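Thanks for making time for this.

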Amino acid sequence: ILEKSPLTPGDRYCGKTLLLIGGQPSYFEKGDEVIVRKHFPAAKIHIIKESGHNPHFDTREEFVTEVHRFLLPK
């Protein structure tokens with residue numbers, strides 16, 4: 001996922017981060033979470049299985065629901 005990333009090994013953001021990923025096809029492979037956590041240790045990772053590369057278009061309702069949950073937790 002980050003193999004062509006502009007991030008350097010020392011780049012790190014420790015704040016809350018939401019990573020929404022389309023699951024069709026699987027863009028997030030085994031081992032990618034380890035890479036993401038090096039740069040974004042507090043990331044919430046959510047895979048929308050029914051979505052393709054553009055979850056904000058493909059599965060808009062679930063996308064909006066997840067963003068809402070992230071920004072306005074109970």
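R69 forms a salt bridge with E66, and the closest N and O atoms of the two are 2.8 Å apart; by salt bridge I mean a side-chain nitrogen of Lys or Arg within 4 Å of a carboxyl oxygen of Asp or Glu. This is a predicted model, in which local features need pLDDT of at least 70 and side-chain atom pairs count only at pLDDT 80 or more, while totals for chains, interfaces and linings use all residues. Residues are numbered from 1 along each chain as its sequence is written, and side-chain values use heavy atoms, with hydrogens and water left out.

R69 and E66 are separated by about one helical turn, because they stand 3 residues apart in helix α3. Helices here are DSSP runs of H or I with at least four residues, strands are runs of E with at least two, and both are numbered from the N terminus.

E66 also meets the side chain of K44 in a salt bridge, at 3.1 Å from N to O. That pair links distant parts of the chain, since K44 sits in strand β2 (residues 43-48) and E66 in helix α3 (residues 60-71), 22 residues apart. Buried means under 20% relative accessible area, exposed means over 50%, and partly exposed lies in between, with a 1.4 Å probe and protein chains only.

How many salt bridges does a search of the whole structure find? The search finds 3, and one of them joins the side chains of R37 and E33, at 3.1 Å from N to O. Both of these residues lie in helix α1, 4 residues apart, which is about one turn of the helix. R37 counts as partly exposed at 27% relative accessibility, and E33 is partly exposed as well, with a relative accessible area of 38%.

Let me turn to T17, which is found in strand β1 (residues 17-22). T17 is buried, with a relative accessible area of 17%, and its side chain reaches the backbone oxygen of G15 at 3.2 Å. Such a polar contact is a pair of N or O atoms within 3.5 Å; within protein, one must be able to donate a hydrogen and the other to accept it, and residues adjacent in sequence count only if both atoms are side-chain atoms. Leaving aside its neighbours within four places in sequence, T17 is in contact (heavy atoms within 4.5 Å) with F40, A42, A43, K44 and F70.

Further along, the loop between β1 and α1 (32-39) holds P25, and the peptide bond from Q24 to P25 is cis, with omega near -10 degrees. As background, most peptide bonds are trans.

Finally, the whole chain. It has 3 helices and 2 strands, which follow the pattern β-α-β-α-α along the sequence. Its C-alpha atoms fill a box of roughly 35 × 30 × 20 Å, taken along the principal axes, and of its 74 residues, 24% count as buried. Among contacts between residues at least 6 apart in sequence, 69% join residues at least 24 apart.
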